[in-house]
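Q: Can you walk me through this one? I'd like to go through the charged pairs, then the core.

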Amino acid sequence: PLRAVAPGLTAMNLGVRDLLAAEVRERQLEAALAFRPDLSIVAAGGNDALRRSFVPEQVAGELDGIVGPLRQAGSDVLMIELMDIVSSGLVPAEYAGPLDERMRALADITRAVAGRHGAMLVEMRGHPASADPDVYSSDRLHLNARGHAIVAAEAVRVLSSALEIRAAS
């Protein structure tokens, strides 16, 4: 669909499920930088936050180590917060409190990294759809097609706003 309005569009999807933020940096950053993207989308740290061993400062450092070089290379960066799965009721009560703390910390980190590097941010943690269990897949962890469509719509909204601001300046 994008090629209809931008026939010369070239895209590279480096996304791989289940990676920790350090693995994203180690395995994907070099290829991303070599591609010389105009726009990079970064959604990382969720797998770190799922672990009890989550160290917010380490994840912040890894995200800085991804976003910083992309911005220095001239890429615009769009960061995406994760939805608040705890609010959906899908997380068993005994895990909800600790997981909510870690996911809240990840959202704070994502916002801070975006702010430090002048990245655009798709704020999904507080999105009303987060509380809808029907946006999550059968694994009760990842988003399904509907959930991804909601995030994509929000990403388009953020990108559109950024383009409007650029056009006005």
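Q: Is Asp64 buried, exposed or partly exposed?
A: Asp64 is partly exposed, because its relative accessible area is 22%. Buried means under 20% relative accessible area, exposed over 50%, and partly exposed in between (1.4 Å probe, protein chains only).

Q: What should I know about the model itself?
A: This is a predicted model: local features need pLDDT of at least 70, side-chain atom pairs count only at pLDDT 80 or more, and totals for chains, interfaces and linings use all residues. Residues are numbered from 1 along each chain as its sequence is written, and side-chain values use heavy atoms, with hydrogens and water left out.

Q: Back to Asp64. Which residue does it form a salt bridge with?
A: Arg116, with the closest N and O atoms 3.0 Å apart. Asp64 lies in helix H4 and Arg116 in helix H5, 52 residues apart, so the pair links distant parts of the chain. A salt bridge here is a side-chain nitrogen of Lys or Arg within 4 Å of a carboxyl oxygen of Asp or Glu. Helices (H or I, at least four residues) and strands (E, at least two) are DSSP runs, numbered from the N terminus.

Q: Why can side chains pair like that?
A: Side chains of opposite charge can pair when their charged atoms come close.

Q: How many salt bridges in the whole structure?
A: A search finds 13. One of them joins the side chains of Arg125 and Asp100, at 2.6 Å, N to O. Arg125 sits in the loop between S3 and H6, and Asp100 in helix H5.

Q: Is Arg125 buried or exposed?
A: Buried, because its relative accessible area is 9%. Asp100 counts as buried too, at 17%.

Q: Which residues are in the network with them?
A: Asp84, Asp100, Arg104 and Arg125 are linked in a network of salt bridges.

Q: New topic. Which residues touch the most others in the largest nonpolar core?
A: Val42, Leu63, Met79 and Met83, out of 46 residues. Helix H5 gives the most to this core, with 8 residues. A nonpolar core is a set of buried Ala, Val, Leu, Ile, Met, Phe, Trp, Tyr and Cys residues joined through side-chain atoms within 4.5 Å.

Q: Where is Val42?
A: In strand S1 (residues 39-42), on the covered face with Ser40. Leu39 and Ile41 make up the uncovered face.

Q: And which strand does S1 join?
A: Strand S2 (residues 76-80), through 4 bridges, and the two run parallel. Strands pair if DSSP finds at least two bridges between them. The bridge partner of Leu39 in S2 is Asp76.
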